[in-house]
Amino acid sequence: IAWHLATILNENKEKITRVTFNEITKTAVQKAIKEPRDIDVNLVDAQQARRVLDRIVGYKMSPVLWKKVRRGLSAGRVQSVAVKLIVDRENEIENFIPEEYWNIYANLQDEEIKKEFEAHFYGKNGKKQEIHSEKEVNEILENISKAKYIVNEVKKGEKKRTPAPPFTTSTMQQEASKLLGFAPQKTMRIAQQLYEGIDIEGEGTVGLVSYIRTDSVRISDEAYEQAKEVVSKRYGEEYLREKKQYKTDSSAQDAHEAIRPTVAQRYPDSIKESLSRDQYKLYKLIWERFMASQMMPAKYATVSADIGANDYIFRATGSTLMFDGYLAVYKKNEELDDEKAMPEIQENDTVVPVTIEGNQHFTQPPARYSEALLIKTLDDIKVGRPSTLAPTIATILARNYVTKEKKLLYSTELGEIVNEILTKNFEPIINAEFTADMENTLDMVADGKMEWKQVLRDFYPLLAELLAEAEAKVENVEIQDEVTDVICEECGRNMVVKYGKYGKFLACP
């Protein structure tokens with residue numbers, strides 16, 4: 001924007017400087033204005049290269065879909081990879097062959113204190129054994145029907161659970177989806193409101209969180225000092241750790257800090273009255289995650305016992321929370337699963353079986369993508385930038401390539417047809433590796449190591465060749481409209497579902 005303004009105003013570009021800040025607070029804005037920098041032409045070039053590249057891909061590949069399938073469809077460098085992931089997962093689920101397996105669970109009781117605990121079948125003669133049929137289960141149950149259950153070995157130890165880093169754009173979208181049920185676009189809309197500023201009673205309009213489009217987990221010294229004060233005051237010195245600077249991924253741009261509250265002392269409950277319900281939920285999540293990231297790990301006492309019954313072994317495990325650490329502020333579902341107390345049993349103790357039963361299971365196909373899992377996957381394979389992932393998912397839903405049912409994403413017939421055309425004819429461009437490599441190339445432009453027009457010169461001949469082949473090879477595909485039971489008042493025929501710019505609508509056939 002600064003570069004465009006300088007160009008339009010036709011000023012001497014050296015005179016126009018750029019002010020940058022990643023949190024809207026008085027100190028951050030004043031500091032930024034005191035230290036303006038020159039317009040970074042490398043960043044301008046990288047952005048132009050990205051924009052032109054995405055437009056070339058979209059504007060050249062989409063008309064192939066219009067001619068061969070129907071108008072209104074689109075292809076894109078990142079969206080086509082997202083659709084491919086969902087279609088591939090659907091195929092994996094369809095072709096999955098479940099395999100039978102069994103578990104044997106024993107409810108055992110300590111002879112002295114009569115406290116029950118659960119153990120699962122581990123194996124025979126010290127070796128792990130898998131059970132694949134009911135016949136094997138019955139054989140084991142018969143062999144141990146009159147057995148004495150003796151504790152062979154007890155191992156005690158400690159384990160730590162360390163807090164997660166503060167949020168990046170991607171992890172914020174994932175957690176808000178998982179814990180608050182927010183769609184990625186909703187998360188970004190609310191986060192933008194928190195960043196731009198909310199009218200807080202007694203303070204006026206203030207930005208509550210730092211910049212929300214970031215792939216970095218880094219935090220400033222100032223942020224740590226704030227966290228230090230809050231943790232010491234609220235939870236006690238023993239909860240505070242030395243400043244934890246989490247390792248940002250090497251492929252990240254790292255232009256901005258992690259997402260955090262601009263003022264850690266602004267507790268969620270103290271400003272709840274000034275926020276909408278959703279703003280409060282998201283601010284609380286960001287605040288808690290940031291606080292937890294600078295707190296001590298949680299510590300558990302663990303115990304594992306091997307119990308012999310003839311030649312067979314059952315194993316029981318348990319853990320008890322000794323020190324809650326960061327869980328004092330950020331305790332989510334998976335942390336709750338960790339606690340499972342066991343009675344104090346010693347080696348050579350005899351325990352008594354209360355119930356023993358075999359349970360049949362079948363291996364499960366891979367899970368369908370939720371929006372959170374799709375964002376995580378795209379982020380992991382380095383496809384797209386943090387700010388592009390939520391709009392990408394919104395686009396593939398709007399185009400009807402994908403539908404969402406009970407928070408899970410399913411590919412549609414249209415999505416599968418489009419994916420097949422693109423995969424067969426443009427595979428070198430829409431595969432994840434190429435897209436991730438292109439992100440690296442654009443980062444090189446941003447670092448001044450590559451000329452932006454050269455990126456396009458290198459890319460275009462490949463696309464032109466694939467387009468020419470696709471024009472010749474791809475056959476027209478006709479997709480029947482979905483017929484509804486709604487009658488058209490003009491002609492009396494059943495109306496059909498069509499898809500337009502704003503999603504589904506009913507139309508006369």
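## Close-up views of a predicted chain

**View 1. Charges and overall make-up of the chain.** The chain carries 72 positive and 83 negative side chains, and the centres of the two sets lie 4 Å apart. Here Lys and Arg count as positive and Asp and Glu as negative, while His and the chain ends are not counted; each charge is placed at NZ of Lys, CZ of Arg, CG of Asp or CD of Glu. Please keep in mind that this is a predicted model: local features need pLDDT of at least 70 and side-chain atom pairs count only at pLDDT 80 or more, whereas totals for chains, interfaces and linings use all residues. Residues are numbered from 1 along each chain as its sequence is written, and side-chain values use heavy atoms, with hydrogens and water left out. The chain has 15 helices and 16 strands (DSSP runs numbered from the N terminus: helices are H or I with at least four residues, strands are E with at least two). Its C-alpha trace spans about 90 × 65 × 55 Å along the principal axes. Of the 509 residues in the chain, 44% are buried (buried means under 20% relative accessible area, exposed over 50%, and partly exposed in between, with a 1.4 Å probe and protein chains only).

**View 2. A salt bridge between Arg77 and Glu439.** The closest N and O atoms of this pair are 3.5 Å apart (a salt bridge is a side-chain nitrogen of Lys or Arg within 4 Å of a carboxyl oxygen of Asp or Glu). Arg77 sits in the loop between α3 (41–68) and α4 (79–94) and Glu439 in helix α14 (residues 432–446), so the pair ties together parts that are 362 residues apart in sequence. Both Arg77 and Glu439 are buried.

**View 3. Lys404 meets Glu371.** These two residues form a salt bridge whose closest N and O atoms are 3.1 Å apart. Because Lys404 belongs to strand β12 (residues 402–405) and Glu371 to helix α11 (residues 371–380), the pair ties together parts that are 33 residues apart in sequence. Lys404 is partly exposed, at 40% relative accessible area, whereas Glu371 is buried, at 7%.

**View 4. Asp306 and Arg315.** Here the side chains of Asp306 and Arg315 meet in a salt bridge, with 2.8 Å from N to O. Asp306 is buried, with a relative accessible area of 10%, while Arg315 counts as partly exposed at 25%.

**View 5. The surroundings of Gln279.** Look for Gln279 in helix α9 (residues 277–293). Gln279 counts as buried because its relative accessible area is 11%. Setting aside neighbours within four places in sequence, Gln279 is in contact with Ile190, Gln193, Leu194 and Ile198 (contact means heavy atoms within 4.5 Å).

**View 6. Asp215 in a loop.** Asp215 lies between β8 (204–206) and α8 (221–234). With 17% relative accessibility, Asp215 counts as buried. Asp215 and Asp379 are 164 residues apart in sequence, yet their C-alpha atoms are 9.4 Å apart in space.
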